[in-house]
Amino acid sequence: MKHKILWLILLILAIAGAIFAYIKYRKPEIINPMASNQDNYPFIFADLDGDDTREKVNIQPLTEDENNRAYIFVAYNQQGEEIARTPEGIFFPEPMKDSLETVKLISELPKEAIRFDVFAGPHSSETFFLTQVKNEPLIAPVCKVKEYHSFQDCAFWSGELGELVTVDIDDDKILEVIEFVDEYPKLGEIGADIETMISDEFSAGGMESKVEDMIEIAKREAGGRGRKVVWNIYRFGQDQFFEKLTDEDFNTVYYLLSDMWQEELPDKPLISKNQMSRASYNFAEMMKNTWQLKN
Ligand SMILES: [Ca+2]
Ligand SMILES: [Ca+2]
């Protein structure tokens with residue numbers, strides 16, 4: 001019992017911490033948008049403009065306050081001159097350690113994008129893709145819609161930290177992006193004392209409306225994880241954004257993936273979101289709505 005309570009306190013702390021982090025990310029204080037000492041920032045080399053030469057892309061904090069970090073991306077050519085940056089007023093949460101990678105949206109072209117994961121809850125993350133806009137000094141996200149209005153138009157979901165897969169699964173030279181979640185098929189037992197603890201903790205934090213969802217999260221976590229679920233599949237398109245696959249297009253890629261999965265991981269069952277129970281599906285949606293970046 002003691003072990004269970006400790007575990008729950010950790011969960012509550014993680015939940016409260018993540019919510020607190022979001023509230024902070026929504027209003028970053030911009031102190032130093034032209035930070036000078038570029039050698040100290042994390043960076044990645046990527047050919048964002050597709051000229052067969054890799055740029056150095058820095059991840060620069062907008063503020064010197066370590067507890068209130070928001071980041072921009074700035075690309076420099078081999079002479080150290082700035083050639084592109086993320087648009088003014090758009091900033092990103094801190095990329096998760098070691099999550100920065102280059103990807104090719106179209107494998108036959110030299111142009112690259114960078115991908116990185118950001119923390120989005122006790123065990124979920126969101127992924128962004130950035131590349132340079134053609135002939136412009138701008139680094140912009142590659143989104144799920146042609147014209148984006150919010151982070152959620154451009155963020156890809158993972159129900160487990162860093163689980164987003166990017167692969168050209170049908171071998172047509174164009175990248176697919178696969179979102180996974182976990183199934184939590186059963187409600188477990190958590191005890192009245194723990195329900196009270198969650199209720200008190202969230203009510204005290206001014207989040208009464210979240211109490212019911214948080215109790216469900218604790219109960220489903222206690223009920224245990226089920227199968228791995230393919231949540232959404234996207235494919236990079238001619239209009240320069242990732243189109244969500246539906247109906248037959250979704251199924252075609254899902255079956256390809258499922259065959260590969262069974263060969264590699266025969267003991268780990270995989271299903272598609274269409275095979276989830278209504279309750280499991282609603283729970284996965286609620287988890288995403290609870291943790292995804294807000295703006
Ligand atoms: Ca280049
Ligand atoms: Ca493909």
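Below is a chat about the predicted model of this protein chain.

User: Quick overview first. How many helices and strands are in the protein chain?

Analyst: There are 5 helices and 14 strands. Keep in mind that the model is predicted.

User: And what share of the residues is buried?

Analyst: Buried residues make up 33% of the 295 in the chain.

User: What about contacts, how much comes from residues 24 or more positions apart?

Analyst: Among contacts with a separation of 6 or more, 58% are between residues 24 or more positions apart.

User: OK, the core. How many residues are in the largest nonpolar core, and which have the most contacts inside it?

Analyst: That core has 54 residues. The ones with the most contacts inside it are Val 57, Ile 114, Phe 128, Leu 130, Val 142 and Val 230.

User: Which strand gives the most to this core?

Analyst: Strand 12, which contributes 6 residues.

User: Which residues does a second, separate core include?

Analyst: The second core has 6 residues, and Ile 194, Phe 202, Met 214 and Ala 218 are among them.

User: Back to Val 57. What does Val 57 touch?

Analyst: Leaving out residues up to four places away in sequence, Val 57 touches Phe 43, Ile 44, Ala 46, Leu 48, Phe 73, Ala 75 and Ile 114.

User: Let's do the strands around there. How do strand 1 and strand 2 pair?

Analyst: Strand 1 (residues 43-46) pairs with strand 2 in the antiparallel sense, over 4 bridges. Phe 45 stands opposite Lys 56 of strand 2.

User: And what about strand 2 with strand 3?

Analyst: Antiparallel as well, over 6 bridges, with strand 3 covering residues 71-76. In strand 3, Tyr 71 is the bridge partner of Pro 61, and Val 74 is the bridge partner of Asn 58.

User: How many residues of strand 2 and strand 3 are buried?

Analyst: For strand 2 (residues 55-61), 5 of the 7 residues are buried. Strand 3 has 5 of its 6 residues buried. Strand 2 is mostly covered, and strand 3 is mostly covered too.

User: What joins strand 3 to strand 4?

Analyst: 3 bridges, and the two strands run antiparallel, with strand 4 at residues 82-85. Ala 75 stands opposite Ala 84 in strand 4. The hairpin they form has 5 residues between the strands, and Gly 80 takes a positive phi there, near 80 degrees.

User: Which residues of helix 4 are buried?

Analyst: Val 253, Tyr 254 and Leu 257 are buried in helix 4. They cover an arc of only 105 degrees around the axis, so they sit on the same side of helix 4.

User: What's exposed on the other side, and what do the buried ones pack against?

Analyst: On the other side of helix 4, Glu 248, Tyr 255, Asp 259 and Glu 263 are exposed. The buried residues of helix 4 pack against strand 11 (176-182), strand 12 (228-236) and strand 14 (270-272).

User: How far does helix 3 reach from its first C-alpha to its last?

Analyst: Helix 3 (residues 211-223) has 13 residues and reaches 18 Å, close to the 18 Å expected at 1.5 Å a residue. Its buried residues are Met 214, Ile 217, Ala 218 and Arg 220. Gly 224 follows helix 3 and has a positive phi, near 95 degrees.

User: A couple of single residues now. Does Thr 166 count as buried or exposed?

Analyst: Buried, because Thr 166 has 20 C-beta neighbours inside 10 Å. Thr 166 lies in strand 10 (residues 165-167). Not counting residues up to four places away in sequence, Thr 166 touches Val 103, Arg 115, Leu 175 and Val 177.

User: How far apart are Thr 166 and Ile 233 in space?

Analyst: 9.8 Å, C-alpha to C-alpha, while being 67 residues apart in sequence.

User: Last one, Ser 277. Buried or exposed?

Analyst: Ser 277 has 11 C-beta neighbours inside 10 Å, so Ser 277 counts as exposed. Ser 277 lies in the loop between strand 14 and helix 5 (278-291). Ser 277 and Tyr 184 are 93 residues apart in sequence and 10.0 Å apart in space, C-alpha to C-alpha.

How values were computed:
Residues are numbered from 1 along each chain as its sequence is written. Chains are lettered from A and ligands numbered from 1 in the order in which they are written. This is a predicted model: local features need pLDDT of at least 70, side-chain atom pairs count only at pLDDT 80 or more; totals for chains, interfaces and linings use all residues. A residue is buried if 20 or more other C-beta atoms lie within 10 Å of its own, exposed if 12 or fewer, and partly exposed in between; C-beta atoms are placed from the backbone. The arc is that of the directions from the helix axis to the C-beta atoms. Two residues are in contact if their C-beta atoms, placed from the backbone, lie within 7 Å. The expected span of a helix is 1.5 Å times one less than its number of residues. Two strands pair if DSSP finds at least two bridges between them. A nonpolar core is a set of buried Ala, Val, Leu, Ile, Met, Phe, Trp, Tyr and Cys residues joined through C-beta atoms within 7 Å.
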